[in-house]
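Please look over the structure below.

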Amino acid sequence: MTRLSVNINKIATLRNARGGNTPNLVKVALDCERFGAQGITVHPRPDERHIRYQDVLDLHEVVTTEFNIEGNPDQRFIELVKRVKPAQVTLVPDAPEAITSNAGWDTLRHADHLRNLVDTFRADDIRVSIFVDADERMIEGAKAVGTDRIELYTEPYASHYFTDREAAVAPFRRAAQRALELGLELNAGHDLSLDNLRFFNEQVPGLKEVSIGHALISDALYFGLENTIQMYLRCLQP
């Protein structure tokens, strides 16, 4: 069964909008685990507009499922990850001013940089995942720099799902097959939702983990957090 990692950035956004500690990010993370999530994802950005660097340290002390830290690997991010030593680090090439991630790495152009990062994190026994588009050349480039996993950027799939879901998922199916041929493990994330998750999971082979935040937290406003996590888990059942 594909694992569900809940991205709790939006909880931090809500907390920061008012100040104080409501909602309590650590409690929400523990609740997500208690309700069945198999991982917690955070994406600290340099301006700390949602997840703060201290949040990562606090969560590290209590998260018992798989902890995934994703982000653009500037020096501060690298130092944080090496200090925390999460189960997984996901390298994402988002600009500091980006509202959200909007493209994967060019693993050919940035091969030397990515290879150095992979070596740095794997020296601390941290599994490395590289965020990529559904492009076989970029997947082959990710393999060449030594990463353990790739995470497919799924916004193009989500955007075209209601127009033609077969056409929307086709490049992701091909990308997954190429990753499996190369011996890479496979994650996916971005704009996956209750509408499109089940079909994606059924059609994309070898999927290990999905990271979902915005849609899941939004759904929880209507359905409640525990029920929402269960709904997403049902979408991932084989």
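**Briefing**

Histidine 190 is found in the loop between strand S7 (185-189) and helix H9 (197-203). Helices (H or I, at least four residues) and strands (E, at least two) are DSSP runs, numbered from the N terminus. This is a predicted model: local features need pLDDT of at least 70, side-chain atom pairs count only at pLDDT 80 or more, and totals for chains, interfaces and linings use all residues. Residues are numbered from 1 along each chain as its sequence is written, and side-chain values use heavy atoms, with hydrogens and water left out.

**The annotated site**

- UniProt, in an unreviewed entry, places the feature "active site" at His43, Glu70 and His190.
- These three span 148 residues in sequence, yet no two of their C-alpha atoms are more than 12.6 Å apart, so they gather at one spot.
- UniProt positions are given in the numbering used here, feature names are shortened, and annotations may be inferred rather than shown by experiment.
- Histidine 43 sits in the loop between strand S2 (39-42) and helix H3 (53-60).
- Histidine 43 is buried, at a relative accessible area of 2%.
- Histidine 190 counts as buried too, at 15% relative accessibility.
- Buried means under 20% relative accessible area, exposed over 50%, and partly exposed in between (1.4 Å probe, protein chains only).

**The whole chain**

- The chain has 11 helices and 8 strands.
- Its radius of gyration is 17 Å, close to the 18 Å that the globule rule gives for 238 residues, so the chain is as compact as a globular protein of that length.
- That radius is taken over C-alpha atoms, and the globule rule is 2.2 Å times the number of residues to the power 0.38.
- Along the principal axes, the C-alpha atoms fill a box of roughly 45 × 40 × 30 Å.
- Buried residues make up 53% of the 238 residues.
- Take contacts (heavy atoms within 4.5 Å) between residues at least 6 apart in sequence: 65% join residues at least 24 apart.

**The cysteines**

- How many disulfides are there? The count is 0.
- A disulfide is a pair of cysteine sulfur atoms within 2.5 Å.
- Cysteine 32 is buried, with a relative accessible area of 0%.
- Cysteine 235 counts as buried at 7% relative accessibility.
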